[in-house]
Amino acid sequence: METTPHRVRVEVEESSTIIDPLAAEEGIVVEREVEKQPVSVTDNKAQKVAKAEKAPSEEKKNTDEVDIKLVEPNPDQPRTNFDKEELEELASSIKKDGLLQPILVRPLPDNRYQIIAGERRWQASQLAGLKKVPIRIKDANDDEALELALIENIQRSDLNPIEEAYGYRRMMERRRMTQAEVAQAVSKGRSTVANALRLLELPEDAQQLLFEDKITAGHARAILSIPTKEGRQKLTDKLVQEKLSVREAEAIARLLAGKQNTSSTPREPMPKTFKTVARNLRETLQTNVRVKSVKGKNKIEIEFKDEEDLQRLFQQITHNEE
């Protein structure tokens, strides 16, 4: 018959555990423990439980739930355009299920907090009538806060192209970063950052249209394909007046760019002799004749309808030569 082991606690000065052979035969396990800190050979489970209980408290040290009035937006927040309808939809969801994702903030004096990322959730929480909001606290200076906000919004695709471009430029100016360094910081290709920054070369009206999602990045590229400010403004005015597709905008851009190129290198006036000869040949040959100069080379172009007409012209030219 097996004997159920009984546990006997013996306190000693040493920290080792010794099992008495005689006691073991009786099914008794004897544990010797340090006087001030008893240790049991079967404490592994208790230690695991203690660690499990300790982990949440460690995670909570940077999270909290605070009065929503203690949280304020960041004036350097790269995102400035918040759709009213989307905010109302999010507010309805928050009323139903609560705010599930904490707002990332940094501490300010007087126990206040400034938003690094999550202003849209904060605004929707206000609409939903929340008194308190969950926050995650992170120590960050002004430049670090801007970078974190920009990265968070880009990852969530919450920025329109103009907001993204201004965010990149602020990082470059305030942190004295190159385009390559900005690209690395936000995990984007350098060409992506360069193309975004180029949008800031658009006329102000075009930037506003893009900011308000009234035109697309394709329209913006069409505007930027025009080499002069005057041409870019003309296409922008056209986009304000008419709802053009990207292809239509590109076609107008090519036309405007061509006109600008032509005006930049005006043609030399054609000699009067060219016009006189062309007119006489037309009358003689009874067909359309053009005399022109292309890239320094002079040409005579004679039109004909078909093979028979070509033979007629040949006979007429050679007969006249005889």
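The model is predicted, so local features need pLDDT of at least 70 and side-chain atom pairs count only at pLDDT 80 or more, while totals for chains, interfaces and linings use all residues. Residues are numbered from 1 along each chain as its sequence is written, and side-chain values use heavy atoms, with hydrogens and water left out.

Start with helix α6, residues 161-175. Helices here are DSSP runs of H or I with at least four residues, strands are runs of E with at least two, and both are numbered from the N terminus. Helix α6 has 15 residues and spans 21 Å from its first C-alpha to its last. That is close to the expected 21 Å at 1.5 Å a residue; the expected span is 1.5 Å times one less than the number of residues. N160 caps the N-terminal end of α6. Its side-chain oxygen lies 3.1 Å from the backbone nitrogen of I162. After α6 comes R176, with a positive phi near 55 degrees.

Which residues of α6 are buried? They are I162, E163, E164, A165, G167, Y168 and M171. Buried means under 20% relative accessible area, exposed means over 50%, and partly exposed lies in between (1.4 Å probe, protein chains only).

Now turn to the strands. Two strands pair if DSSP finds at least two bridges between them. Strand β3 (residues 63-67) pairs with strand β7 (residues 132-137) through five bridges, in the antiparallel sense. Here E65 stands opposite P134 of β7. Strand β5 (residues 103-108) also joins β7, by three bridges, and these two run parallel. V105 has I137 in β7 as its bridge partner.

I300, I302 and I317 make a nonpolar patch of about 230 Å². Patch residues have over 30% relative accessible area and no salt bridge; like charges are joined within 9 Å, and nonpolar side chains (Val, Leu, Ile, Met, Phe, Trp, Tyr) within 5 Å. A salt bridge is a side-chain nitrogen of Lys or Arg within 4 Å of a carboxyl oxygen of Asp or Glu. I300 lies in strand β9, residues 297-302. Why is I300 called exposed? Because its relative accessible area is 52%.

Finally, visit two loops. D213 sits between α9 (204-211) and α10 (217-224). Its phi is positive, about 60 degrees, although D213 is not a glycine. D213 is exposed, at 57% relative accessible area. Q286 lies in the loop between α13 (272-285) and β8 (289-294). Q286 is not a glycine, yet its phi is positive at about 60 degrees. With 60% relative accessibility, Q286 counts as exposed.

Methods:
A polar contact is a pair of N or O atoms within 3.5 Å; within protein, one must be able to donate a hydrogen and the other to accept it, and residues adjacent in sequence count only if both atoms are side-chain atoms. Accessible areas come from the Shrake-Rupley method with a 1.4 Å probe; for residues, only the protein chains shown count as cover.
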